[in-house]
Amino acid sequence: MLFVEYSKCGTCRKAKKWLDEHSIEYIDRPIKEENPTLEELKAWHRISGLPLRKFFNTSGTLYKEMKLKDRLGDMTEDEQYELLASDGMLVKRPVIVTDDYVLVGFKETEWSEKML
């Protein structure tokens, strides 16, 4: 299991604590230093079944500075993938990646259903 996170993110710290408390093993990957690639994002999106919009960190400074709320609707899916792959700070986190599912953001109920 891959745990993609940003160490300064409170939600990521909470998620990591939850994983540790439940003795769930994971490989930790810092999103700022190791941004997801275009290919990874496409695969994660496909496995997740979520709308691509859910992969954007809508509360992030960069998202707001780039005024993406107003621009995403006019962008193609490929343009959105390229944008996400350009900077890890645009990606909603944490992200859990397994062969069977991808979880974006920390929702304890959802995580419990999938992992416990």
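**Cysteines, helix α2 and the cores**

Reader: Cys12, buried or exposed?
Author: Cys12 is buried, at a relative accessible area of 1%. Buried means under 20% relative accessible area, exposed means over 50%, and partly exposed lies in between, with a 1.4 Å probe and protein chains only. This is a predicted model, where local features need pLDDT of at least 70 and side-chain atom pairs count only at pLDDT 80 or more, while totals for chains, interfaces and linings use all residues. Residues are numbered from 1 along each chain as its sequence is written, and side-chain values use heavy atoms, with hydrogens and water left out.

Reader: How many disulfides?
Author: The count is 0, taking a disulfide as a pair of cysteine sulfur atoms within 2.5 Å. Cys9 is in none, and its nearest cysteine sulfur, that of Cys12, is 3.2 Å away.

Reader: And Cys9, buried or exposed?
Author: Cys9 counts as buried, with 14% relative accessibility.

Reader: Switching to α2. Which of its residues are buried?
Author: Helix α2 spans residues 38-48, and its buried residues are Leu41, Trp44, His45 and Ser48. They cover an arc of only 100 degrees around the axis, so they sit on the same side of α2. The arc is taken over directions from the helix axis to the C-beta atoms. Helices (H or I, at least four residues) and strands (E, at least two) are DSSP runs, numbered from the N terminus.

Reader: What is on the face turned away?
Author: That face of α2 carries the exposed residues Glu39 and Arg46.

Reader: What do the buried ones pack against?
Author: The buried residues of α2 pack against β1 (2-5), β2 (27-30), α5 (77-86), β3 (95-97) and β4 (102-104). Contact here means heavy atoms within 4.5 Å.

Reader: How many residues has the largest nonpolar core?
Author: It has 25, and Trp44, Phe55 and Leu84 are among those with the most contacts inside it. A nonpolar core is a set of buried Ala, Val, Leu, Ile, Met, Phe, Trp, Tyr and Cys residues joined through side-chain atoms within 4.5 Å.

Reader: Which element gives the largest share of this core?
Author: The largest share, 3 residues, comes from α5.

Reader: What does Phe55 touch?
Author: Leaving aside neighbours within four places in sequence, the contacts of Phe55 include Trp44, His45, Leu84 and Val102. A second, separate core of 11 residues includes Phe3, Ala15, Leu103 and Phe106.
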